[in-house]
Amino acid sequence: MAKSKDVRITIVLECQNCTQKELGSKSTGGILRYTTRKNRRNTPTRLELKKYCSSCHKHTLHKESRK
């Protein structure tokens with residue numbers, strides 16, 4: 001049985017530029033998502049990292065999204 005209060009959790013990072021484009025148009029390009037793990041005790045706030053987005057072809061801000 002898995003513990004619900006694990007210290008390390010798996011999170012999803014989504015590209016913010018792609019998310020804004022998807023809201024404005026009906027393209028089917030998709031949103032780039034990265035998965036990573038974070039320590040819940042050290043970083044209780046939402047994680048924001050600059051990562052490479054292959055659909056935007058540049059480094060953009062990726063924010064932690066809700067599951």
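This note sets out points on the fold, the strand pairing, the cysteines and some individual residues of a predicted model.

1. Basis of the model. The model is predicted, so that local features need pLDDT of at least 70 and side-chain atom pairs count only at pLDDT 80 or more, while totals for chains, interfaces and linings use all residues. Residues are numbered from 1 along each chain as its sequence is written, and side-chain values use heavy atoms, with hydrogens and water left out.

2. Overall fold. The protein chain contains 1 helix and 4 strands, in the order β-α-β-β-β from the N terminus. Helices (H or I, at least four residues) and strands (E, at least two) are DSSP runs, numbered from the N terminus.

3. Surface and burial. Of the 67 residues in the protein chain, 21% are buried. Here buried means under 20% relative accessible area, exposed over 50%, and partly exposed in between, with a 1.4 Å probe and protein chains only. The accessible surface of the chain is about 5400 Å², and carbon and sulfur atoms account for 51% of that surface. These areas come from the Shrake-Rupley method with a 1.4 Å probe; for residues, only the protein chains shown count as cover.

4. Contacts along the chain. Contact means heavy atoms within 4.5 Å. Among contacts between residues at least 6 apart in sequence, 50% join residues at least 24 apart.

5. Strand pairing. Strand β1 (residues 8-15) pairs with β2 (residues 33-39) in the antiparallel sense over 7 bridges; the bridge partner of Ile9 in β2 is Lys38. Strand β1 also pairs with β4 (residues 58-64), again antiparallel, over 3 bridges, and Glu14 has Lys63 as its bridge partner in β4. Two strands pair if DSSP finds at least two bridges between them. In a regular strand the side chains alternate between the two faces of the sheet.

6. Cysteines. The structure holds 0 disulfides, a disulfide being a pair of cysteine sulfur atoms within 2.5 Å. Cys15 is in no disulfide, and the nearest cysteine sulfur, that of Cys18, lies 3.7 Å away. Cys53 is likewise in no disulfide; for Cys53 the nearest cysteine sulfur is that of Cys18, at 3.4 Å. Cys53 counts as buried because its relative accessibility is 0%.

7. Surroundings of Cys15. This residue lies in strand β1 and counts as buried because its relative accessibility is 0%. Leaving aside neighbours within four places in sequence, Cys15 is in contact with Ile31, Leu32, Cys53, Cys56, Thr60, Leu61 and His62. Cys15 and Leu61 are 46 residues apart along the chain, yet their C-alpha atoms are separated by 6.2 Å.

8. Ser65. This residue is in the segment after β4. Ser65 counts as buried because its relative accessibility is 17%. Beyond neighbours within four places in sequence, Ser65 is in contact with Val12, Glu14 and Arg46.

9. His57. Although it is not a glycine, His57 has a positive phi of about 60°. His57 is found in the loop between β3 (48-53) and β4, and it counts as exposed because its relative accessibility is 60%.

10. Tyr34. Lys51 lies over the face of Tyr34, at 4.6 Å from the ring centre. A charge sits over a ring if NZ of Lys or CZ of Arg is within 6 Å of the ring centre and within 35 degrees of the ring normal.
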